[in-house]
Amino acid sequence: MNTEEILAKLVSFSVLGGQSNISIAEWIEEFLTKHGVAFVNVPNTDGSKRSIHCRIGPAIDGGTILSGHMDVVPVEGQEWASDPFVLTDKGDGKLYGRGSCDMKAYLSCCLSMLPEMTKANLKKPIYFAFSYDEEIGCLAAPELAEHIKTTYTEKPAYAIIGEPSMMQPIVGQKGIVIYKTRVNGSAGHSSRIRNEVSAIHESAKLIVWLENKMNSLVEAGQIDDRFDPPHSSIHCGLFPQSGIAPNVISDSASFYWDVRVIPKDNAKEILEEFESHCREVEQACRKRFKDFKIETVEDHPDVPSLDTPDDYSVVALIKELTGRNDLGAVSYAAEAGQFAEAGFQAVICGPGDIKQAHRADEFVAKEQLDKCCAMISQLILVQSQ
Ligand SMILES: [Zn+2]
(Lines give C-alpha, C1' and ligand atoms only; values in the text may rest on other atoms or scores of the structure.)
Protein backbone atom coordinates (compact mmCIF):
# COMPACT_ATOMS: atom_id res chain seq x y z
CA MET A 1 0.00 0.00 0.00
CA ASN A 2 1.28 3.47 -0.80
CA THR A 3 1.07 6.45 1.55
CA GLU A 4 -2.20 7.76 0.10
CA GLU A 5 -3.88 4.36 0.33
CA ILE A 6 -2.81 3.99 3.95
CA LEU A 7 -3.99 7.52 4.70
CA ALA A 8 -7.39 6.74 3.13
CA LYS A 9 -7.68 3.68 5.35
CA LEU A 10 -6.68 5.57 8.52
CA VAL A 11 -9.10 8.43 7.75
CA SER A 12 -11.96 5.90 7.41
CA PHE A 13 -11.72 5.17 11.16
CA SER A 14 -13.77 7.97 12.74
CA VAL A 15 -12.14 7.55 16.16
CA LEU A 16 -12.52 10.80 18.11
CA GLY A 17 -10.54 11.78 21.18
CA GLY A 18 -12.20 10.11 24.17
CA GLN A 19 -13.65 7.21 22.13
CA SER A 20 -12.49 3.61 21.93
CA ASN A 21 -9.67 3.39 19.38
CA ILE A 22 -9.54 -0.40 19.13
CA SER A 23 -10.67 -0.41 15.47
CA ILE A 24 -7.81 1.76 14.18
CA ALA A 25 -5.30 0.18 16.57
CA GLU A 26 -6.17 -3.33 15.31
CA TRP A 27 -5.74 -2.26 11.70
CA ILE A 28 -2.30 -0.75 12.42
CA GLU A 29 -1.28 -3.83 14.42
CA GLU A 30 -2.29 -6.08 11.52
CA PHE A 31 -0.23 -3.91 9.22
CA LEU A 32 2.81 -4.22 11.50
CA THR A 33 2.35 -7.97 11.78
CA LYS A 34 2.15 -8.33 7.97
CA HIS A 35 5.53 -6.65 7.80
CA GLY A 36 7.00 -8.94 10.44
CA VAL A 37 7.22 -6.27 13.15
CA ALA A 38 6.34 -7.24 16.73
CA PHE A 39 4.48 -4.56 18.69
CA VAL A 40 3.59 -3.80 22.29
CA ASN A 41 0.25 -2.46 23.54
CA VAL A 42 -0.28 0.03 26.33
CA PRO A 43 -3.98 -0.40 27.17
CA ASN A 44 -6.11 1.84 29.38
CA THR A 45 -7.67 0.34 32.52
CA ASP A 46 -10.89 -0.99 30.92
CA GLY A 47 -9.22 -2.13 27.70
CA SER A 48 -11.29 0.17 25.49
CA LYS A 49 -8.27 2.10 24.23
CA ARG A 50 -4.63 1.36 23.62
CA SER A 51 -1.40 2.93 22.47
CA ILE A 52 1.01 0.95 20.30
CA HIS A 53 4.77 0.97 20.19
CA CYS A 54 7.29 -1.12 18.33
CA ARG A 55 10.96 -1.24 17.41
CA ILE A 56 12.39 -1.74 13.95
CA GLY A 57 16.08 -2.58 13.98
CA PRO A 58 18.57 -3.68 16.61
CA ALA A 59 18.36 -3.25 20.39
CA ILE A 60 21.00 -0.54 20.49
CA ASP A 61 21.04 2.80 22.32
CA GLY A 62 20.50 6.03 20.41
CA GLY A 63 17.43 5.17 18.32
CA THR A 64 14.69 7.52 17.16
CA ILE A 65 11.00 7.40 18.08
CA LEU A 66 8.44 8.51 15.50
CA SER A 67 5.38 9.50 17.45
CA GLY A 68 1.81 10.41 16.56
CA HIS A 69 -1.76 10.15 17.78
CA MET A 70 -4.55 8.01 16.31
CA ASP A 71 -7.54 10.13 17.43
CA VAL A 72 -9.12 13.12 15.71
CA VAL A 73 -11.46 15.97 16.65
CA PRO A 74 -15.25 15.95 15.93
CA VAL A 75 -16.87 17.25 12.72
CA GLU A 76 -20.18 18.32 14.30
CA GLY A 77 -21.35 21.77 13.27
CA GLN A 78 -18.80 22.00 10.44
CA GLU A 79 -19.82 22.38 6.79
CA TRP A 80 -17.84 19.76 4.89
CA ALA A 81 -17.94 19.67 1.08
CA SER A 82 -17.20 15.93 1.13
CA ASP A 83 -17.60 13.05 3.61
CA PRO A 84 -15.00 13.82 6.31
CA PHE A 85 -14.25 10.14 6.81
CA VAL A 86 -13.65 9.38 3.15
CA LEU A 87 -10.29 10.65 1.93
CA THR A 88 -11.16 12.78 -1.10
CA ASP A 89 -8.84 13.72 -3.95
CA LYS A 90 -10.33 16.69 -5.80
CA GLY A 91 -7.46 16.84 -8.25
CA ASP A 92 -6.02 20.01 -6.69
CA GLY A 93 -2.98 18.34 -5.15
CA LYS A 94 -4.70 18.07 -1.78
CA LEU A 95 -6.29 15.17 0.08
CA TYR A 96 -9.37 16.07 2.13
CA GLY A 97 -10.66 14.33 5.24
CA ARG A 98 -10.79 14.56 9.04
CA GLY A 99 -7.33 13.77 10.33
CA SER A 100 -5.79 13.92 6.84
CA CYS A 101 -3.50 16.57 8.27
CA ASP A 102 -3.72 16.22 12.07
CA MET A 103 -2.16 13.75 12.19
CA LYS A 104 -2.87 10.64 10.20
CA ALA A 105 -0.66 12.07 7.44
CA TYR A 106 2.39 11.41 9.61
CA LEU A 107 1.17 7.96 10.67
CA SER A 108 0.63 6.95 7.05
CA CYS A 109 4.11 8.15 6.08
CA CYS A 110 5.60 6.12 8.95
CA LEU A 111 3.68 3.02 7.90
CA SER A 112 4.35 3.36 4.18
CA MET A 113 8.09 3.62 4.88
CA LEU A 114 8.02 0.49 7.03
CA PRO A 115 9.08 -1.93 4.24
CA GLU A 116 12.10 0.31 3.55
CA MET A 117 12.97 0.25 7.28
CA THR A 118 12.75 -3.52 7.63
CA LYS A 119 14.84 -4.02 4.47
CA ALA A 120 17.53 -1.57 5.57
CA ASN A 121 20.49 -2.65 7.61
CA LEU A 122 19.70 -0.35 10.53
CA LYS A 123 22.57 0.20 12.94
CA LYS A 124 20.33 2.18 15.27
CA PRO A 125 16.65 1.41 15.72
CA ILE A 126 13.55 3.34 14.73
CA TYR A 127 10.46 3.13 16.95
CA PHE A 128 6.83 3.90 16.34
CA ALA A 129 4.81 5.30 19.26
CA PHE A 130 1.13 5.82 18.45
CA SER A 131 -1.16 7.22 21.14
CA TYR A 132 -4.87 7.90 21.72
CA ASP A 133 -6.80 10.75 23.40
CA GLU A 134 -4.30 13.39 22.32
CA GLU A 135 -7.08 15.69 21.17
CA ILE A 136 -8.70 15.83 24.60
CA GLY A 137 -5.56 16.81 26.47
CA CYS A 138 -2.58 14.63 25.49
CA LEU A 139 -3.76 12.04 28.01
CA ALA A 140 -1.99 8.88 26.85
CA ALA A 141 1.51 10.05 25.91
CA PRO A 142 3.12 10.15 29.40
CA GLU A 143 2.26 6.48 30.02
CA LEU A 144 3.33 5.55 26.49
CA ALA A 145 6.70 7.28 26.89
CA GLU A 146 7.28 5.59 30.27
CA HIS A 147 6.28 2.23 28.80
CA ILE A 148 8.88 2.60 26.06
CA LYS A 149 11.53 3.26 28.71
CA THR A 150 10.67 0.12 30.67
CA THR A 151 9.99 -2.23 27.71
CA TYR A 152 13.30 -1.92 25.91
CA THR A 153 16.66 -2.68 27.49
CA GLU A 154 18.33 -0.14 25.20
CA LYS A 155 17.70 3.61 25.44
CA PRO A 156 16.09 5.48 22.53
CA ALA A 157 17.58 8.98 22.30
CA TYR A 158 15.24 11.04 20.15
CA ALA A 159 11.56 11.58 19.52
CA ILE A 160 10.14 13.23 16.40
CA ILE A 161 6.49 14.12 17.00
CA GLY A 162 4.76 14.50 13.64
CA GLU A 163 2.23 17.23 14.41
CA PRO A 164 1.53 19.36 11.32
CA SER A 165 4.41 21.83 10.96
CA MET A 166 4.80 21.96 7.16
CA MET A 167 7.90 19.86 7.82
CA GLN A 168 9.54 22.74 9.66
CA PRO A 169 11.60 21.60 12.66
CA ILE A 170 9.85 22.87 15.82
CA VAL A 171 11.84 23.08 19.05
CA GLY A 172 9.44 25.08 21.23
CA GLN A 173 5.87 24.48 22.27
CA LYS A 174 3.69 26.21 24.82
CA GLY A 175 2.45 24.23 27.79
CA ILE A 176 -1.23 24.14 28.70
CA VAL A 177 -3.30 23.40 31.75
CA ILE A 178 -7.03 23.85 32.34
CA TYR A 179 -8.50 24.65 35.74
CA LYS A 180 -12.01 24.67 37.15
CA THR A 181 -12.77 27.14 39.92
CA ARG A 182 -15.87 26.79 42.08
CA VAL A 183 -17.13 29.59 44.30
CA ASN A 184 -19.48 28.95 47.21
CA GLY A 185 -21.37 32.09 48.27
CA SER A 186 -24.60 32.86 50.11
CA ALA A 187 -28.11 33.17 48.65
CA GLY A 188 -30.52 35.99 49.39
CA HIS A 189 -32.74 38.74 48.04
CA SER A 190 -30.84 40.80 45.49
CA SER A 191 -31.40 43.95 47.53
CA ARG A 192 -29.07 42.46 50.16
CA ILE A 193 -26.05 42.31 47.84
CA ARG A 194 -23.89 44.18 50.38
CA ASN A 195 -24.84 41.72 53.16
CA GLU A 196 -24.53 38.41 51.31
CA VAL A 197 -21.66 37.18 49.12
CA SER A 198 -22.65 36.62 45.49
CA ALA A 199 -20.76 33.72 43.94
CA ILE A 200 -21.24 35.28 40.50
CA HIS A 201 -19.80 38.66 41.52
CA GLU A 202 -16.80 37.05 43.22
CA SER A 203 -16.20 34.79 40.19
CA ALA A 204 -16.26 37.80 37.88
CA LYS A 205 -13.66 39.55 40.04
CA LEU A 206 -11.44 36.45 40.01
CA ILE A 207 -11.63 36.29 36.21
CA VAL A 208 -10.55 39.93 36.02
CA TRP A 209 -7.70 39.08 38.42
CA LEU A 210 -6.59 36.36 35.97
CA GLU A 211 -6.64 38.75 33.03
CA ASN A 212 -4.64 41.28 35.04
CA LYS A 213 -2.14 38.54 35.93
CA MET A 214 -1.62 37.80 32.22
CA ASN A 215 -1.13 41.51 31.50
CA SER A 216 1.34 41.88 34.38
CA LEU A 217 3.47 39.03 32.99
CA VAL A 218 3.60 40.84 29.66
CA GLU A 219 4.46 44.14 31.34
CA ALA A 220 7.19 42.42 33.36
CA GLY A 221 8.83 41.44 30.08
CA GLN A 222 7.96 37.74 30.11
CA ILE A 223 8.13 37.53 26.34
CA ASP A 224 9.33 34.80 23.99
CA ASP A 225 9.27 36.06 20.42
CA ARG A 226 9.33 32.58 18.95
CA PHE A 227 5.64 32.27 19.81
CA ASP A 228 2.49 33.91 18.51
CA PRO A 229 1.34 35.48 20.76
CA PRO A 230 4.80 35.90 22.35
CA HIS A 231 3.50 35.67 25.93
CA SER A 232 1.64 33.28 28.20
CA SER A 233 -2.11 33.57 27.89
CA ILE A 234 -4.69 33.16 30.64
CA HIS A 235 -8.30 32.96 29.57
CA CYS A 236 -11.72 32.03 30.97
CA GLY A 237 -13.73 30.30 28.24
CA LEU A 238 -16.56 28.67 30.12
CA PHE A 239 -18.80 30.23 32.74
CA PRO A 240 -21.60 27.66 32.95
CA GLN A 241 -25.02 28.98 33.85
CA SER A 242 -24.93 30.17 37.43
CA GLY A 243 -27.75 31.63 39.50
CA ILE A 244 -31.50 31.04 39.37
CA ALA A 245 -33.09 34.46 38.83
CA PRO A 246 -32.12 38.11 38.28
CA ASN A 247 -33.34 39.05 41.76
CA VAL A 248 -31.69 36.22 43.70
CA ILE A 249 -28.10 36.42 44.89
CA SER A 250 -26.30 33.36 43.54
CA ASP A 251 -24.81 31.00 46.12
CA SER A 252 -22.68 29.01 43.69
CA ALA A 253 -20.80 29.57 40.47
CA SER A 254 -17.99 27.88 38.60
CA PHE A 255 -15.79 28.77 35.69
CA TYR A 256 -13.10 27.12 33.58
CA TRP A 257 -9.89 28.82 32.58
CA ASP A 258 -6.82 27.80 30.63
CA VAL A 259 -3.21 28.84 30.93
CA ARG A 260 -0.91 28.49 27.92
CA VAL A 261 2.62 29.15 29.06
CA ILE A 262 5.78 30.04 27.21
CA PRO A 263 8.66 27.84 28.50
CA LYS A 264 10.01 30.53 30.86
CA ASP A 265 6.68 30.91 32.67
CA ASN A 266 5.32 28.29 35.00
CA ALA A 267 1.61 27.44 35.15
CA LYS A 268 1.99 26.06 38.69
CA GLU A 269 3.41 29.37 39.93
CA ILE A 270 0.52 31.25 38.34
CA LEU A 271 -1.88 28.87 40.08
CA GLU A 272 -0.10 29.33 43.43
CA GLU A 273 -0.39 33.09 43.15
CA PHE A 274 -4.06 32.77 42.21
CA GLU A 275 -4.63 30.46 45.20
CA SER A 276 -3.05 32.87 47.65
CA HIS A 277 -5.20 35.66 46.23
CA CYS A 278 -8.24 33.39 46.73
CA ARG A 279 -7.32 32.86 50.40
CA GLU A 280 -7.27 36.65 50.91
CA VAL A 281 -10.66 36.98 49.20
CA GLU A 282 -12.03 34.19 51.40
CA GLN A 283 -10.85 35.94 54.57
CA ALA A 284 -12.50 39.18 53.53
CA CYS A 285 -15.78 37.58 52.43
CA ARG A 286 -16.12 35.35 55.48
CA LYS A 287 -16.89 38.46 57.50
CA ARG A 288 -20.24 38.45 55.69
CA PHE A 289 -20.68 34.69 55.13
CA LYS A 290 -18.62 32.26 57.20
CA ASP A 291 -18.83 29.34 54.71
CA PHE A 292 -17.57 31.34 51.76
CA LYS A 293 -15.14 29.19 49.81
CA ILE A 294 -13.16 29.17 46.55
CA GLU A 295 -11.85 25.86 45.25
CA THR A 296 -9.72 25.28 42.14
CA VAL A 297 -8.96 21.89 40.63
CA GLU A 298 -7.16 20.78 37.46
CA ASP A 299 -9.75 19.99 34.81
CA HIS A 300 -7.20 18.13 32.79
CA PRO A 301 -3.58 17.46 33.53
CA ASP A 302 -0.78 19.84 32.83
CA VAL A 303 0.73 19.37 29.35
CA PRO A 304 4.31 20.59 29.69
CA SER A 305 5.93 23.05 27.30
CA LEU A 306 8.80 22.10 24.99
CA ASP A 307 12.06 24.02 24.89
CA THR A 308 14.70 21.95 23.16
CA PRO A 309 18.03 23.81 23.17
CA ASP A 310 19.61 24.46 19.76
CA ASP A 311 22.76 22.57 20.70
CA TYR A 312 20.95 19.27 21.38
CA SER A 313 21.92 16.55 18.92
CA VAL A 314 18.26 15.98 17.97
CA VAL A 315 18.31 19.49 16.49
CA ALA A 316 21.32 18.65 14.33
CA LEU A 317 19.56 15.42 13.33
CA ILE A 318 16.29 17.05 12.29
CA LYS A 319 18.15 19.74 10.35
CA GLU A 320 20.01 17.02 8.50
CA LEU A 321 16.84 15.02 7.81
CA THR A 322 14.78 17.96 6.54
CA GLY A 323 17.53 20.12 5.07
CA ARG A 324 16.01 23.04 6.99
CA ASN A 325 17.66 25.34 9.51
CA ASP A 326 14.64 27.56 10.25
CA LEU A 327 13.76 26.27 13.71
CA GLY A 328 10.31 27.27 14.91
CA ALA A 329 7.98 27.26 17.89
CA VAL A 330 4.24 26.62 18.13
CA SER A 331 1.48 27.78 20.44
CA TYR A 332 -0.59 24.60 20.31
CA ALA A 333 -0.30 21.77 22.82
CA ALA A 334 1.34 18.56 21.65
CA GLU A 335 2.95 15.45 23.06
CA ALA A 336 6.51 16.64 22.42
CA GLY A 337 6.90 18.26 25.86
CA GLN A 338 5.78 14.99 27.47
CA PHE A 339 8.36 12.95 25.54
CA ALA A 340 11.00 15.51 26.51
CA GLU A 341 9.94 15.21 30.16
CA ALA A 342 10.35 11.43 29.88
CA GLY A 343 13.98 11.99 28.90
CA PHE A 344 13.96 11.87 25.10
CA GLN A 345 15.34 14.78 23.12
CA ALA A 346 12.20 15.86 21.28
CA VAL A 347 11.21 17.95 18.29
CA ILE A 348 8.00 18.41 16.33
CA CYS A 349 8.15 17.93 12.58
CA GLY A 350 5.28 16.69 10.46
CA PRO A 351 3.40 17.08 7.20
CA GLY A 352 0.53 19.50 6.66
CA ASP A 353 -0.35 22.90 8.02
CA ILE A 354 -1.80 23.31 11.53
CA LYS A 355 -4.09 25.97 9.99
CA GLN A 356 -5.93 23.11 8.23
CA ALA A 357 -6.35 21.10 11.43
CA HIS A 358 -9.63 20.90 13.38
CA ARG A 359 -11.68 22.65 10.67
CA ALA A 360 -14.09 21.78 7.87
CA ASP A 361 -12.44 20.48 4.69
CA GLU A 362 -9.21 19.67 6.52
CA PHE A 363 -6.62 18.62 3.97
CA VAL A 364 -2.99 17.68 3.51
CA ALA A 365 -1.07 18.61 0.38
CA LYS A 366 0.36 15.60 -1.46
CA GLU A 367 3.75 17.29 -1.66
CA GLN A 368 3.77 17.33 2.17
CA LEU A 369 3.38 13.56 2.24
CA ASP A 370 6.29 13.26 -0.21
CA LYS A 371 8.45 15.54 1.93
CA CYS A 372 7.67 13.57 5.08
CA CYS A 373 8.48 10.26 3.40
CA ALA A 374 11.73 11.80 2.16
CA MET A 375 12.58 12.80 5.74
CA ILE A 376 11.92 9.27 7.01
CA SER A 377 13.93 7.84 4.11
CA GLN A 378 16.80 10.11 5.15
CA LEU A 379 16.42 8.90 8.75
CA ILE A 380 16.72 5.30 7.56
CA LEU A 381 19.90 6.25 5.73
CA VAL A 382 21.37 8.04 8.76
CA GLN A 383 20.45 5.18 11.14
CA SER A 384 22.04 2.67 8.75
CA GLN A 385 25.45 4.32 8.87
ZN1 LIG B 1 -2.53 16.57 16.53
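This is a predicted model: local features need pLDDT of at least 70, side-chain atom pairs count only at pLDDT 80 or more; totals for chains, interfaces and linings use all residues.
Biologist: What do the buried residues of H6 pack against?
Modeller: Strand E9 (175-184), strand E11 (233-238), strand E13 (252-261) and helix H7 (267-285). Contact means C-beta atoms, placed from the backbone, within 7 Å. Helices (H or I, at least four residues) and strands (E, at least two) are DSSP runs, numbered from the N terminus.

Biologist: Which residues of H6 are buried?
Modeller: Ala199, Glu202, Ser203, Leu206, Leu210 and Leu217. Buried means 20 or more other C-beta atoms within 10 Å of the residue's own; exposed means 12 or fewer, partly exposed in between, with C-beta atoms placed from the backbone.

Biologist: Why are they on the same side of H6?
Modeller: Because they cover an arc of only 105° around the axis. The arc is that of the directions from the helix axis to the C-beta atoms.

Biologist: Which residues are exposed on the other side of H6?
Modeller: Lys205, Val208, Asn212, Asn215, Ser216 and Glu219.

Biologist: What follows H6?
Modeller: Gly221, with a positive phi near 85°.

Biologist: Switching to H2. Which residues are buried there?
Modeller: Ile24, Ala25 and Ile28. Their arc is only 100° around the axis, which puts them on the same side of H2.

Biologist: What covers them?
Modeller: The cover includes helix H1 (3-12), strand E2 (50-56) and strand E6 (126-131).

Note on methods
Residues are numbered from 1 along each chain as its sequence is written. Two residues are in contact if their C-beta atoms, placed from the backbone, lie within 7 Å.
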